[in-house]
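Subject: Structure for you to look at

Hi there,

Here is the structure I promised to send over. Please open it alongside this note, and my findings follow below.

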Amino acid sequence: MSTKDKNKKSIRPKNNKVVWRPPAKVVAEVVGCGETTVRAVRRGDRPDETDLGKSITLADELLEKGTNLLIEEVKKVVNH
């Protein structure tokens, strides 16, 4: 295994659950800002202490948590 392969982060946590992250485009639409602004806040290139940064962070968290819960519920319905 090469060094590049060792440093690669897995998409799935060890419990094999798929973790969905909202695309920047979706967060930008919800908050009312540009995709590049969302990406900049996520990377830390733009402060998340501003009102816009806080809104982006909150929308990101809510969309991620809510969608992941929805995915789990759909799995339960489909698999039972």
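Helices here are DSSP runs of H or I with at least four residues, strands are E runs of at least two, and both are numbered from the N terminus.

Before going on, please note that this is a predicted model, in which local features need pLDDT of at least 70, side-chain atom pairs count only at pLDDT 80 or more, and totals for chains, interfaces and linings use all residues. Residues are numbered from 1 along each chain as its sequence is written, and side-chain values use heavy atoms, with hydrogens and water left out.

**Helix H2**

Ala24, Val27 and Ala28 are buried in H2 (under 20% relative accessible area; exposed is over 50% and partly exposed in between, with a 1.4 Å probe and protein chains only). They sit on the same side of H2 because their arc around the axis is only 100°, taken from the directions from the helix axis to the C-beta atoms. On the face turned away from that buried side are the exposed residues Lys25, Glu29 and Val30. The cover over the buried residues of H2 includes H3 and H4. Ala28 touches Cys33, Gly34, Glu35 and Val38, leaving aside residues up to four places away in sequence; contact means heavy atoms within 4.5 Å.

**The core**

The largest nonpolar core has eight residues: Ala24, Val27, Ala28, Cys33, Val38, Val41, Ile56 and Ala59. Such a core is a set of buried Ala, Val, Leu, Ile, Met, Phe, Trp, Tyr and Cys residues joined through side-chain atoms within 4.5 Å. H2 (24-31), H3 and H4 each give two or more residues to this core, and the largest share, three residues, comes from H2.

**H3 against H4**

The axes of H3 and H4 (residues 51-79) come within 10 Å and cross at roughly 85°; they are lines fitted to C-alpha atoms, for helices over the stretch in contact, with angles from 0 to 180 degrees between N-to-C directions. H3 is therefore roughly perpendicular to H4 (65 to 115 degrees; under 35 is roughly parallel, over 145 roughly antiparallel and the rest oblique). Thr37, Val38, Val41 and Arg42 in H3 meet Leu52, Gly53, Ile56, Thr57 and Asp60 in H4.

Thr37, in H3 (residues 35-43), counts as buried because its relative accessibility is 14%. Beyond four places in sequence, Thr37 touches Arg46, Leu52 and Ile56.

Best wishes
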